[in-house]
Amino acid sequence: MPWVGVVFNPPPMDSSLEPNDSRRKRRRQRIVQSRCVSGLMSLEEIIQQLHNECRSVGLKDADIVVALSDGGNGLENALLNVVSGQVREVVFVLDFWHAADHLQQFANVWVTNEQDRKDQMETWSHHLKQHGGESLVQQLQQLDLSSASKSVREEHDKLLNYLRSNIHRMDYPLYLSNGWQIGSGKVESSCKSIVGCRLKGPGMRWRPHGTTALCQLRALFKSEPKLWANYWTKIINA
């Protein structure tokens with residue numbers, strides 16, 4: 001599968017607005033500056049491309065850089081390499097919905113009733129946003145699983161191991177109070193618009209070279225409009 005990475009600069013959300021306020025939703029969707037990279041290449045190659053984009057937008061002048069990703073192996077170190085030598089301060093954030101998916105996997109085997117399961121997930125999700133990962137881990141450790149099946153206890157252990165390994169980037173109350181994004185929706189939507197919408201049409205077949213070439217062109221097209229215009233201006237004038 002092709003990699004997709006995005007360097008973007010969204011305006012901070014107004015933390016004074018309620019979560020369901022339509023103004024908060026509109027502001028969350030408004031991305032002022034955005035640069036995408038994509039291709040069927042190694043992680044090291046995509047890191048270098050992201051690093052170059054960060055340098056081109058003057059990342060070194062930013063007060064704080066938020067590095068947001070899911071819990072995939074090696075991604076945090078990859079993002080550290082992307083911003084290496086360019087930033088004053090970097091804060092790593094775990095995609096909230098990735099954490100919620102792991103909670104859901106445990107809830108699916110632990111809570112049998114569908115409505116009770118839904119209510120439990122709402123409780124955990126709210127607690128995670130209001131109190132952070134460390135507090136949720138403490139709460140999950142207190143569950144009485146003495147009479148639970150082996151599979152339930154195994155899923156519980158898997159969940160705790162996952163949360164503990166990512167706890168340093170799960171301070172969601174702080175992130176939300178600063179107006180920072182806690183979900184990787186921008187990246188997920190870029191995956192769909194760059195790769196899914198263009199390369200996954202009926203009957204389409206792609207070889208690695210063609211995949212990367214089209215992904216890079218599509219990434220350029222889905223970035224800031226001026227990048228697309230500048231690219232073709234250079235081609236015409238070459």
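Q: How far apart are the end C-alpha atoms of helix 7, and what should its 17 residues span?

A: In this predicted model, the end C-alpha atoms of helix 7 (residues 150–166) are 25 Å apart. At 1.5 Å a residue, the 17 residues should span 24 Å, which agrees.

Q: Which residues of helix 7 are buried?

A: The buried residues of helix 7 are Val 152, Glu 155, His 156, Leu 159, Leu 160, Tyr 162, Leu 163 and Asn 166. Seen down the axis of helix 7, these buried residues fall within an arc of 160 degrees, so they line one face of the helix.

Q: And what covers the buried residues of helix 7?

A: The cover includes strand 4 (90–94), helix 4 (96–110) and helix 6 (133–141).

Q: How many residues line the largest pocket, and which lie nearest its centre?

A: The lining of the largest pocket has 43 residues. Nearest the centre are Val 6, Val 7, Phe 8, Val 66 and Leu 68.

Q: Which element gives the most to that lining?

A: Strand 1 does, with seven residues. Strand 1 covers residues 3–9. The elements that each supply at least two residues of the lining also include strand 2 (33–39), helix 2 (43–56), strand 3 (65–69), helix 3 (75–83) and helix 9 (185–199).

Q: How do the lining residues divide into nonpolar, polar and charged?

A: For the largest pocket, 30 lining residues are nonpolar, eight are polar and five are charged.

Q: Now Asn 52. Where is Asn 52 found?

A: Asn 52 sits in helix 2, and helix 2 is one of the elements that supply at least two residues of the lining of the largest pocket.

Q: What is the relative accessible area of Asn 52?

A: Asn 52 has a relative accessible area of 30%. That value lies between the 20% cut-off for buried and the 50% cut-off for exposed, so Asn 52 counts as partly exposed.

Q: How are Asn 52 and Val 82 separated?

A: Asn 52 and Val 82 are 30 residues apart along the chain, and their C-alpha atoms are separated by 8.4 Å.

Q: Last topic, the whole protein. How many helices and strands are there?

A: The protein has 11 helices and four strands. Its C-alpha atoms fill a box of roughly 70 × 45 × 35 Å along the principal axes.

Q: What share of the residues counts as buried?

A: Of the 238 residues, 39% count as buried.

Q: And which share of the contacts between residues at least 6 apart in sequence joins residues at least 24 apart?

A: The share is 69%.

Conventions. Residues numbered from 1 in each chain as written. Predicted model: local features only at pLDDT ≥ 70, side-chain atom pairs only at ≥ 80, totals over all residues. Heavy atoms only, no water. 1 Å grid on protein atoms, 1.4 Å probe; cavity = no way out; pocket = protein on both sides within 12 Å on 5 of 7 lines; lining within 4 Å. Nonpolar A, V, L, I, M, F, W, Y, C, P; charged D, E, K, R; others polar. Expected span 1.5 Å × (residues − 1). Buried < 20%, exposed > 50% of the residue type's maximum accessible area, 1.4 Å probe, protein only. Arc of directions from axis to C-beta. Contact = heavy atoms within 4.5 Å.
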